Amino acid sequence: MGCPAMTSVVKSGTAVSFTALYHSTMMNKRVLLALKVAVWLVCLAPLGLLLYRGFGNNLGPDPTATVTHATGFATLRLLVITLAITPLRRLSPRLAWLVRFRRLLGLFAFFYGCLHLLTYLWLYSGFDAGAMVDDIAKRRYILAGFTAWLLLVPLAATSTNWSIRKLGGKRWQALHRLTYFSAICGVIHYWWIVKKGVRTPITITLVLAVLLLARVAWLVRQRVERQARVAA
Amino acid sequence: MLIKKSNEIPSSEITPKSVYLNRRTFMTGAAALGAVGLGVDRVAGMLEPQDEVEAAATKLQTVKSPLSTSGLELTSYKDITTYNNFYEFGVEKGDPAANAGHLKTRPWTMTVDGLVKQKKTVGIDELLSFRPIEERVYRHRCVEAWSMVIPWAGYSLSELINWAEPLPKAKYVQFLSLKDSAAMPGLQQIDLDWPYSEGLRMDEAMHPLTLLTFGLYGEVLPNQDGAPVRLVVPWKYGFKSAKSIVKIHFTSDQPRTAWNEMAPREYGFYSNVNPNVDHPRWSQKSERRIGASIFSQRQPTLMFNGYGDQVASLYNGMDLKKNF
């Protein structure tokens, strides 16, 4: 599997474990294919369900809210799942294959983010530019949500192997850390839209916090190990 | 002979809208009449009192009212009873319908106290037979920018207030809802200062449109809609209409009200429906009609929810942007 993008990652010296493990665990092709199909199906399920309900005229009493919530939740959950890949993979070399799904999951998060934004543009602002500007200026939850989406745009645009090559692994990775901030903005967006006193966003907030803290812990551990090596 | 079939004219165009809307109104009326005829349904419940038959729909005898809003398409019974904000039973719209089953609405008493001649307590059956129950179709506008059209059943709150004999010092009325931790799982989920409280200025409470409500669609209120007795103030956002009321308290000063206390910037004491005053987090210019198709849900919000002719004079000389 001579993937040029991966080679460039190796050359730039970052994410060593990433590539090493990528090559070391050549997954059975059939299993991988089955997993890919499963991930596609799971990722398409929220949209499929909406379409099914929509065509059956069964989107519930408040269809606008149904579509808004479904696309919003799909975006946030997929973003958080995408951010779970790296910490999970670090738990065991045998989980290295997980990284093969990261781009797919991230792109699906962006896809649902676009649908969510489109829902707002169409069903809330009625494609009225004035109303949109007014909303962004006045309403901080819209600003937070829009920022979360905006941060994903360059990431989706640079998601190709060609982009990774062009940018170089290190810079590409640095750019893609924007995902953290997008997810944080997404969670803030959620807190700002629910009524004061309502605690429903707590679960996703805690999950995201754990995933981000896991990265901090990893960095600290690496630094400690490096110092130990230097000392030895 | 060639018979040409034309599919170009939708049936709604053939029947003038006013006619088919009237037909709907007529049918609602017919249903209500039918309800009168079947007014002995309660016997079934009396036969087996140990059963929780009380939860089953019970018909109410209703009379027509000139204060009912006409010409509107009613929201379906299903939507009115499955899409609720009743935080005592959870924050999701389906939670009240799922969780309100344990609410015991009988026996039920309501206490009238504070600045009244004499504190009084009245049972729900006495309240039900106190005045004729009228059917009042009202627009219902939630502060969250969705709306319904609901055929409520009740009588003007003013009837009860007159009976309560408030003292001249009484300038406000506070409504307190039931707080029953055993039956209400939402009490632990949300940090509102329970019991739920709401309030009106005396002249608002005395306005004939302000309805002491016992039913909808000609039947007693389902638990999730605020059984057995609630308030409906059609020109104000829905949260002003307290549900499952156990106490009416007369005061000289503006009483504490739950949401206003929680987030005063977002929920004013008055909370009159007003398309010109945005909620800090969203526009109130338009609303989503519940039950409509996703393509036609959005519609403009009316000043005082369309009841300006009747209630605007209550607020003469008041800055409604300040007193939102």
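What percentage of the 324 residues of chain B count as buried? In this predicted model, 40% of them do, a residue being called buried if 20 or more other C-beta atoms lie within 10 Å of its own, exposed if 12 or fewer do, and partly exposed in between, with C-beta atoms placed from the backbone. Because the model is predicted, local features need a pLDDT of at least 70 and side-chain atom pairs count only at pLDDT 80 or more, while totals for chains, interfaces and linings use all residues. Residues are numbered from 1 along each chain as its sequence is written, and chains are lettered from A and ligands numbered from 1 in the order in which they are written.

The secondary structure of chain B comprises eleven helices and 13 strands, where helices (H or I, at least four residues) and strands (E, at least two) are DSSP runs numbered from the N terminus. Five strands of chain B form an open sheet of mixed pairing in the order β3-β2-β11-β6-β7, two strands being taken to pair if DSSP finds at least two bridges between them. At its edges lie β3 (120-123) and β7 (197-201) of chain B, each of which pairs on one side only, and the twist from one strand to the next averages 20°, with axes fitted as lines to C-alpha atoms (for helices over the stretch in contact) and angles running from 0 to 180 degrees between N-to-C directions. Within the sheet, strand β2 (residues 109-114) and strand β11 (residues 245-251) of chain B pair in the parallel sense over four bridges, and B:V112 has B:I248 of β11(B) as its bridge partner. Among contacts in chain B between residues at least 6 apart in sequence, 70% join residues at least 24 apart, a contact requiring C-beta atoms, placed from the backbone, that lie within 7 Å.

Chain A, by comparison, has eleven helices and zero strands, and 25% of its 232 residues count as buried. Of the contacts in chain A between residues at least 6 apart in sequence, 69% join residues at least 24 apart. The pLDDT (the predictor's confidence in each residue, from 0 to 100) averages 87 over chain A, with 88% of the residues scoring at least 70; over residues 1-16 of chain A, however, pLDDT stays under 50, and the model has 25 contacts beyond four places in sequence for this stretch.

The contact between the two chains takes 13 residues from chain A and 17 residues from chain B. Helix α4 (residues 63-91) of chain A supplies three residues, the largest share of the side of chain A that touches chain B.
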